[in-house]
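Colleague: I am new to this one. Please show it to me, and I will ask how you know each thing.

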Amino acid sequence: MKNRTKGAIIKGAAITLDVVAPLVATLSQFPLWIEKSADATMSGLCLIFILISCLPFIKQIREFFKSPSSEMIFTILFVFLVVMRNIIDQMLVVSFVGAVANIAGAGIYALGRHIGEREDKNKEAK
């Protein structure tokens, strides 16, 4: 097998590691069906759809936030952080796995690039 082919295979494995590890962590932390306990758990997708649903009221929301009361700001902040707490706890796991996988993948990719750029020992094999 030529070094160029070996390098391409190793680089492909590195990219696969970079994608698959965070994807598996995401699927393990954010199951498709959320049913953890009697407490309601809001999915990130639900939160996105809530924000999209509010888009028609952007003008009214901007007017409201020009001079909001401090009580309202702290109440909105509290509700937002409570909703985001479950998502943040899960994203910590996903981001850690993604960081470790991408650091390892970068090293493996560099190894594959190094092997792919080396000349083959058998010159006639080209």
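Colleague: What share of the residues of the protein count as buried?

Modeller: Of its 126 residues, 14% count as buried. Buried means under 20% relative accessible area, exposed means over 50%, and partly exposed lies in between (1.4 Å probe, protein chains only). This is a predicted model, where local features need pLDDT of at least 70, side-chain atom pairs count only at pLDDT 80 or more, and totals for chains, interfaces and linings use all residues. Residues are numbered from 1 along each chain as its sequence is written, and side-chain values use heavy atoms, with hydrogens and water left out.

Colleague: How many helices and strands are there in the protein?

Modeller: Four helices and zero strands. The pattern along the sequence is α-α-α-α. Helices (H or I, at least four residues) and strands (E, at least two) are DSSP runs, numbered from the N terminus.

Colleague: How do you know that the span of helix α1 agrees with what it should be?

Modeller: The expected span is 1.5 Å times one less than the number of residues. Helix α1 (residues 3-29) has 27 residues, so it should span 39 Å, and its end C-alpha atoms are 39 Å apart. The two agree.

Colleague: Why is N3 called buried?

Modeller: N3 has 8% relative accessibility, so it counts as buried. N3 is found in helix α1. Other buried residues of α1 include G7, A14 and D18.

Colleague: What is N3 in contact with, leaving aside neighbours within four places in sequence?

Modeller: Contact means heavy atoms within 4.5 Å. On that count N3 is in contact with I115, G116, R118, E119 and D120.

Colleague: Which helix do the buried residues of α1 pack against?

Modeller: They pack against α4 (70-117). The axes of α1 and α4 come within 8 Å and cross at roughly 180°.

Colleague: What makes α1 roughly antiparallel to α4?

Modeller: The angle does: over 145 degrees counts as roughly antiparallel, under 35 as roughly parallel, 65 to 115 as roughly perpendicular and the rest as oblique. A crossing at roughly 180° therefore makes α1 roughly antiparallel to α4.

Colleague: Is I108 buried, exposed or partly exposed, and why?

Modeller: I108 has 32% relative accessibility, so it counts as partly exposed. I108 is found in helix α4.

Colleague: What does I108 touch, not counting residues up to four places away in sequence?

Modeller: I108 touches I10, A14 and L17. I108 and I10 are 98 residues apart along the chain, yet their C-alpha atoms are separated by 6.8 Å.

Key:
Axes are lines fitted to C-alpha atoms, for helices over the stretch in contact, and angles run from 0 to 180 degrees between N-to-C directions.
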